[in-house]
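Notebook open, structure loaded. I want to look up a few things and jot them down as I go.

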Amino acid sequence: MIFLDLAVRNLRRHGVRSILATVGVIIGVVAIASLGIVGASFSALVGGMVSDVSDTLLVTPHIAASSGNPFDPRDTLTAQVSRRDLGLIEKAAGEHRVIPMILASDWLQVRDKGGYVTMYVMPAAEIPFLLELEAGACPPGRSSGVIAGSLLAGDLDLRPGSRVEVGGEGVRVMGIAAERGMAIEINPDYALIVTEDWYTKRHGTQEYSQVVVKVGDPSGIEGVKTAIDQQVNRRSVVVDILDSREILDLYYTTLDATSILLLGIGVVSLFVASVSILNVMIISVTERTGEIGLMRSIGARRSEVLCMFLYESLILGIIGSIIGGIVSASIGYYVSATVAEFFTDFAVPAGAGIPTSVVIGYTAFAMVFGVGTSVIAGLYPAWRAARLNPIEALRYE
Amino acid sequence: MSDEPLLLFEDVSKIYPLPAGDVVALDRVSLTVDPGEFIAVMGPSGSGKSTLLNMMGCLDIPTSGKIYLSGREVSSMSDDDLTRIRRDQIGFVFQQFNLIPLLSAIENVEFPLLLTAGRAENRRRAGEVLAAVGIGASHFFHRPGELSGGEQQRVAIARALANDPDLLLCDEPTGNLDSKTGTLIMELLAAENRRGKTVVIVTHDPEVAAYARRTIRLVDGRIV
């Protein structure tokens, strides 16, 4: 234990140096743990906002379809699914429900407040198949009634029966859609849903922006997707068919990649810390060369000298990791909520969406990583100390 | 076994290969050191005195030739075995005292005792040895920086004696001390020799060499 004792005393003798090296480890551990937690909570948060529609195909016009130039962004605006293609999609989809819709926007005026809102235009009969209502009823066809998204209704204080103006025309809010979160087909929370009949009466018959196919049984999705592809895209690619499961997979893959990226930034900062430990240890070995020579000449084995220096970096790593762990478990927990609030504008309680086990998991991972990198950083200087020739070391000034 | 030499050098050479040409530090040296001897090694700078002392102390191994310590050949031993011999059989005293600055006087003396696993009552033994070399109990817990040169060298001698070695090797032990303190240190070493300890001293100083009962003179790596 004399070598552990010597390690502790040497760290104490160079208090400032030891503290700075420890601060490096603390920062690294906090970075890994809190960025990991932020990543995980971001995943959890976005995951919670995404409505899991696993039974849906979304058919959108192929971007290059209108002019054949995929690099012209204006093409995305003009691209539409034609009525003829809709017929083909219906044919391919068989008994599954096919819901064509137009994405539009218009000026919404509620009392003294006004602004552009997104409008989902769809056949009146299909609305109940896509949306649940939290209040009111679905408008019948040709009616000038609209459905307001849940959050829009909340912001503007709309209720079934409220009168609003859409594009200068007075309409009545018939129903309020239940909050739904983001999904691949429609995101109605801040939108208006209007009937196709009412819309085309004002704007004329139009082609569709997208077509939603509800397959019901998720296992049938692949078959329907292939059938539509063969029907519509026979000669050239006219539509893109997105599978909700694929989209969700892509979503989660992206989130995971983001988490790993964040974690990677943390890991880099811990590597920087380990370089500072390496530096401190090399200085320590150089300063104590004479001492090492003396120890070796009066009977300290190489392994004992090695251990003495490894103890030093181990102690720096352990102290740094413990403090870093405590700091990150507490700060990371609250930071994650703040970040969530910052990104989403929703007030989120501390640690929302991430289980305590995740916080503990990332903290433990960061601590183990902190101790590990510290010891690894100490290996080379310790090895160098152990390999010193006692005669030369004794002579070293 | 009592007539067996403590140290036996047989045709020992040490050559340091350098880019400018090999340096012969020891040239076919043969010698014996019997138990209880007090030997001074003298010679000009670069004559191989320190190399000889390092060989005696198992800090270095010869390029050719054989060295026996208490009948065992040490010239071909592994580093760990040599380390164990240094720990158990050899005490070193250096010109620069070489105390560990992080440790107090008594801890410095304890250090070699702690290296020997399983040894009980280290603190008591360290205290005894310190007292024997004339360090008062009030100085036991002083760090080396708080002691005078003479006191530091006494602590270093106590450290060298702590494990009760067979051989005490001193490299210019009075080189950094004033003559009065040097005399006291030499009397301490002479007293250890009278108690039966084998002492080898490397020195430039004829007054120091006068304490020895035999003087080995080295010139260009050879005994003359």
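This is a predicted model: local features need pLDDT of at least 70, side-chain atom pairs count only at pLDDT 80 or more; totals for chains, interfaces and linings use all residues.

Next I asked where Val200(B) belongs. I found it in the largest nonpolar core, which has 119 residues. Val200(B) is among those with the most contacts inside that core, along with Val41(B), Leu130(B) and Ala158(B). Which element gives the most to this core? I noted helix H2 of chain A, residues 15-49, which puts in 13 residues. There is also a second, separate core of 53 residues, and I wrote down Ile127(A), Ala177(A), Val211(A) and Val224(A) as being in it.

Then I turned to where the chains meet. I got 16 residues of chain B in contact with 17 residues of chain A. On the chain B side, the elements giving two or more residues are helix H2 (79-89) and H3. H2(B) gives the most there, with five residues. How does that side of chain B split by class? I have eight nonpolar, three polar and five charged residues.

I found it in the loop of chain B that runs between strand E6 (90-93) and helix H3 (105-115). Is Asn98(B) buried or exposed? I put it down as buried, because 23 other C-beta atoms lie within 10 Å and the cut-off for buried is 20 or more. Leaving out neighbours within four places in sequence, Asn98(B) contacts Gly290(A), Leu294(A) and Leu394(A) in chain A, plus Ala156(B) in its own chain. I also checked Asn98(B) against Asn108(B), ten residues along the chain: their C-alpha atoms are 10.0 Å apart.

Last, I looked at confidence. For the complex, the predictor gives an ipTM of 0.90 and a pTM of 0.71. Chain B has a mean pLDDT of 89, with 97% of its residues at 70 or more. Chain A averages 83, and 87% of the residues score at least 70. Where in chain A is confidence lowest? I read helix H3 of chain A (residues 74-78), at a mean of 56, while the highest is helix H10 of chain A (residues 289-297), at 92. I flagged residues 347-351 of chain A too, where pLDDT is below 50. That stretch still has twelve contacts in the model beyond near neighbours in sequence.

Methods
Residues are numbered from 1 along each chain as its sequence is written. Chains are lettered from A and ligands numbered from 1 in the order in which they are written. Helices (H or I, at least four residues) and strands (E, at least two) are DSSP runs, numbered from the N terminus. A residue is buried if 20 or more other C-beta atoms lie within 10 Å of its own, exposed if 12 or fewer, and partly exposed in between; C-beta atoms are placed from the backbone. Two residues are in contact if their C-beta atoms, placed from the backbone, lie within 7 Å. A nonpolar core is a set of buried Ala, Val, Leu, Ile, Met, Phe, Trp, Tyr and Cys residues joined through C-beta atoms within 7 Å. pLDDT is the predictor's confidence in each residue, from 0 to 100. Ala, Val, Leu, Ile, Met, Phe, Trp, Tyr, Cys and Pro count as nonpolar, Asp, Glu, Lys and Arg as charged, and the others, Gly among them, as polar.
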